[in-house]
Amino acid sequence: MESLLKEGRVFDPPAAFRAQANVGADLYDEAAKDRLAYWGRQAEQLDWFRKWDRVLEWNPPFAQWFVGGKLNACYNCVDRHAAGGRADKPAIIWEGEPGDSATLTYADLLREVTRFAAVLKQLGVNQGDRVAIYMPIIPQTVVAMLACARIGAAHSVVFAGFSPEALAFRINDSGAKVLITADGYWRRGQLLSTKQNANVAVESCPSIETVLVVQRAGNDVAEGWVDGRDRWYHEEALSATGDVPCAELDAEDPLYVLYTSGSTGKPKGALHTIGGYLTHVASTHRAVFDTKESDVFWCTADIAWTTAHSYVVYGPLANGTTIFLYEGAPETPHRGRWWELIAKYRINVLYTAPTAIRTFMKWGAVEPAEFDLTSLRLLGSVGEPINPEAWIWYQTHIGGGRCPIVDTWWQTETGGMMVAPLPGVTPTKPGSATRPLPGIDVAVVDEDGNPVTRGGGYLVVKSPWPGMLRTVWGDDQRYASTYFSKFGPETYFAGDGARLDEDGYLWFLGRVDDVVNVSGHRIGTTEVESALVGHPAVAEAAVIGREHEVKGQAITAFVVLREGNEPSAALEKELKAHVTREIGGLARPEEVRFAPELPKNRAGKILRRLLRDIAEGRELGDTTTLIDPTVVAVLQSHK
Ligand code: WTA
């Protein structure tokens, strides 16, 4: 963190870029003058069946945007482009890990989405239902999402790397009727079966009527196939014919539910609704990525994450952009794969996470130099704070010194970007996400909620914004208490620490709650702890994130064993595997430390800060609040 605060370099937008940029500095002024009018003008860029009566209705902490408006997200992302001169323009260019590829024009996409929507209808999916999607990165995943949007069913996409248990939780919480999955997919040269995990999950999901299987890998899925419940998509598509028009939906109808980890309890389903969300993601995609008609846009996030919902699917497609998708891992079959793809498909804009950049940095500058990256004109970063070293490396070795870098801060809950530079306008500082975007009312406050004009504090949003989550699925109370209680019902508490510098630039400092950010993925420490204590050998567990050179943070688990169990390398391995089984590989602890006891204060609360100090090998601060200060010395000696 220290190096962030000392960073003093400033980069003005390159003159050539500035000259052709979509938006100018007047956008900030325009939005500052009248925020709601600004968002109204952004919403007018979409096609509406019926215009809204009011831009905003705010009953803190509940917001409604574009009240009375009617629209359809699929219509805006597909139909209007297919009908309006982009029929033959590629909408999706995809490459599989083994090197197979596909291109869908907007006309193709319309045909595929309509067919998929017809299959969903045939399976009894109606407006207002939920559909779970557990898929790899293939065009049909995007098609399935848009098909849901077309008929007014909310999708809930679950990362294919999540365990059956994690999938089942999300299905049950959302009450999904249909689960869409694939037979399998390729990752690091291995064929992974999504269907097998789906089989295990749906055993405990009474709401699931159908498992719809898209063929991707051609692997054998006979094992565990249940006739009646399981259906091949391509077989269903034969009988599902006819046009499926876009449903005329309310601006505040659900578009999707996306689960994310918080500091307490089980993951929360962030509910996003159609009108405000689509307005937010389309307008930020246009302004922050300076989107051009000829762009090929590559956001490398998995479709299951918020980043891809907003900037693979809804933002870019609403703008009629060509998106690129890659199924596999960056090092398969070689460490230059991404650069090879950029050269091959002449990709213009790359949007990725600092953890990826740091991995490439570690691999060295030789690989990217072997490929022609001159098609790139703009680079984006998201998901975690980017350290200045990685920022500069990205700018130099990937951007060839000519591409502006947009570091974009936002969250699953915010729906779209909140803090980011406008690339033709805002000078950038390596490591700072710069300023709030036009129309976004962000502040840094102290413990009492008073604004900080310079220095560190909590990041808050002081006014509602169109892309904000509307609630936690099925739990308004949890929505209010998680996000709108620390500083009152009008102020959104983001859970991030941030610092304002002398120019009013924001420097994000990571989470202030018990959320760990591993390679840009949010993991709730309580989720990992409850997985660990579910193991018969474990009595107590405390999980913390410690700094990690490549991943940003890595998980360290302190574990107290039950009587009769002894610490061993085998048990450490077993506990790591247990967490992978329970949640998924991304929650797997990097290290497990066996402890005779956990450091607690007199109220019985585990002192995580101390554990973090121990894991990072730091001098320990005040330990006098501990019930038993000697515990710490014992923990330090237990490596
Ligand atoms: C972190 C990802 C610093 C932050 C879009 C936030 C960032 C969490 C940045 C949300 C950034 C995201 N700089 N930190 N540019 N972008 N974060 O919901 O801690 O997966 O609260 O959304 O990631 O993660 P989520």
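How much space lies in the second largest pocket? I began my notebook with this question, working on a predicted model.

**Entry 1. The second largest pocket**

I looked up the volume and found that about 260 Å³ of space lies in the second largest pocket. I then listed the lining, which is made up of 13 residues. Lys-266, Glu-527, Ser-530, Glu-582 and Ile-583 are the ones that lie nearest the centre of this pocket. Helix H8 (164-174) and helix H18 (525-533) are the elements that give two or more residues to this lining. I sorted the lining of the second largest pocket by class and noted five nonpolar, three polar and five charged residues.

**Entry 2. Cavities**

I next searched the whole structure for cavities of 30 Å³ or more, and the search found four. The largest cavity has a volume of about 50 Å³. I recorded its lining as Leu-27, Tyr-38, Trp-39, Ser-283, Thr-284, Ala-287, Val-288, Leu-422, Leu-437 and Pro-438.

Which helix supplies the largest share of this lining? The answer is H11, from which four residues come. Helix H4 (35-43) and helix H11 (274-288) each supply at least two residues of the lining. I counted eight nonpolar and two polar residues around the largest cavity, with no charged residues.

**Entry 3. The ligand**

I then noted polar atom pairs between side chains and the ligand. A nitrogen atom of the ligand lies 2.7 Å from a polar side-chain atom of Asp-407. An N or O atom in the side chain of Gln-411 is 2.9 Å from an oxygen atom of the ligand. For Arg-511, a polar side-chain atom lies 2.8 Å from an oxygen atom of the ligand.

**Entry 4. Salt bridges**

Side chains of opposite charge can pair when their charged atoms come close. I looked up how many such pairs count as salt bridges, and the structure holds 46. I took one of them as an example: Arg-337 forms a salt bridge with Glu-340, and the closest N and O atoms are 3.9 Å apart. Both residues of this pair, Arg-337 and Glu-340, lie in helix H13 (residues 337-345). Arg-337 and Glu-340 are three residues apart, which is about one turn of the helix.

**Entry 5. Backbone details**

Where do cis peptide bonds occur? I noted one from Pro-60 to Pro-61, with omega near 0°. Pro-61 lies in the loop between strand E1 (54-59) and strand E2 (62-67). Another cis peptide bond joins Thr-332 and Pro-333, with omega about -5°. Pro-333 lies in the loop between strand E17 (322-326) and H13.

I also looked up positive phi values in residues other than glycine. Arg-188 has a positive phi of about 50°, and its place is in the loop between strand E9 (185-187) and strand E10 (190-192). Arg-346 has a phi near 50°, which is also positive. The loop between H13 and strand E18 (349-352) is where Arg-346 lies.

Technical notes
Residues numbered from 1 in each chain as written. Predicted model: local features only at pLDDT ≥ 70, side-chain atom pairs only at ≥ 80, totals over all residues. Heavy atoms only, no water. 1 Å grid on protein atoms, 1.4 Å probe; cavity = no way out; pocket = protein on both sides within 12 Å on 5 of 7 lines; lining within 4 Å. Points joined across faces, edges and corners; volume = space filled by probe spheres on them. Nonpolar A, V, L, I, M, F, W, Y, C, P; charged D, E, K, R; others polar. Polar contact = N/O pair within 3.5 Å; in protein donor to acceptor, adjacent residues only side chain to side chain. Salt bridge = Lys/Arg side-chain N within 4 Å of Asp/Glu carboxyl O.
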